[in-house]
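Here is a short briefing to read alongside your model. Keep the 3D view open and follow along topic by topic.

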Amino acid sequence: MMNMPRVVGIALVTLGLTVGPHSTVSAAMDGSTPLICAVTTVMECDASGQCERHNPARHPDFPPLLRVNVPARTITLGTADARKSEIKSVTRLDGRLILHGGENGRGWAATIGEDSGRMAAGIVADDFTFTLFGTCTTP
């Protein structure tokens, strides 16, 4: 497929964000403070419909953590020296935080449950997709 580290980095970075208006847990997940998102599953699919599951904890191209900073409009993949991606759009809808962005010819979107912190995200190009699942919390 494509340049895995770059594509996966963009994918993971896009996905991590949380929001929440209810209770003390969700109050911290309203996007007003930074979040950390643990990516538990990555699915990679090509244009023919063939998909492969990846475990971010065991694959060097799939860092298992994302740092999401909605006020700064950035998602950082991995640790402090990792790559960053710009969040171009933030929407709250039906109890979910929805993020959008894109770079290098690919688009991405992520949705995070305000109450649960559950996250799902997708990175889309013309010949492949990545789907990511995980959970977000405050640091």
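With which side chain does the side chain of Glu-114 make a polar contact? The partner is the side chain of Arg-92, at 3.0 Å; a polar contact is a pair of N or O atoms within 3.5 Å, where within protein one must be able to donate a hydrogen and the other to accept it, and residues adjacent in sequence count only if both atoms are side-chain atoms. Please bear in mind that this is a predicted model, in which local features need pLDDT of at least 70 and side-chain atom pairs count only at pLDDT 80 or more, while totals for chains, interfaces and linings use all residues. Residues are numbered from 1 along each chain as its sequence is written, and side-chain values use heavy atoms, with hydrogens and water left out.

**Overall layout**
- The protein chain holds 2 helices and 10 strands, taken as DSSP runs numbered from the N terminus (helices: H or I, at least four residues; strands: E, at least two).
- Along the sequence, the pattern reads α-α-β-β-β-β-β-β-β-β-β-β.
- Of the 139 residues in the protein chain, 45% are buried, where buried means under 20% relative accessible area, exposed over 50% and partly exposed in between (1.4 Å probe, protein chains only).
- Among contacts in the protein chain with a separation of 6 or more, 52% come from residues 24 or more positions apart; contact here means heavy atoms within 4.5 Å.

**The nonpolar core**
- In the largest nonpolar core there are 23 residues, and Leu-66, Val-68, Ile-75, Leu-99 and Met-119 have the most contacts inside it.
- Such a core is a set of buried Ala, Val, Leu, Ile, Met, Phe, Trp, Tyr and Cys residues joined through side-chain atoms within 4.5 Å.
- At least two residues of this core come from each of several strands, including E1 (35–46), E4 (74–77), E7 (96–103) and E10 (128–137).

**Arg-67 in strand E3**
- Arg-67 sits in strand E3 (residues 65–69) and is partly exposed, with a relative accessible area of 36%.
- Not counting residues up to four places away in sequence, Arg-67 touches Leu-35, Ile-36, Thr-74, Ile-75, Thr-76 and Gly-78.
- Arg-67 and Cys-136 are 69 residues apart in sequence, with 9.2 Å between their C-alpha atoms.

**The largest pocket**
- Strands E8 (106–113) and E9 (118–124) are the elements that give two or more residues to the lining.
- By class, the lining has 4 nonpolar, 4 polar and 4 charged residues.

**The loop between E8 and E9**
- Glu-114 is in the loop between E8 and E9 and is buried, at 5% relative accessible area.
- Asp-115 lies in the loop between E8 and E9, but Asp-115 counts as exposed, with 52% relative accessibility.
- The C-alpha atoms of Asp-115 and Arg-96 are 8.3 Å apart, although 19 residues separate the two along the chain.

**Positive phi values**
- Most residues other than glycine have a negative phi.
- Asp-94 has a positive phi near 50°; Asp-94 is in the loop between E6 (89–93) and E7 and is exposed at 66% relative accessibility.
- Asn-104 has a positive phi near 55°; Asn-104 is in the loop between E7 and E8 and is partly exposed at 44%.

Terms used
Ala, Val, Leu, Ile, Met, Phe, Trp, Tyr, Cys and Pro count as nonpolar, Asp, Glu, Lys and Arg as charged, and the others, Gly among them, as polar.
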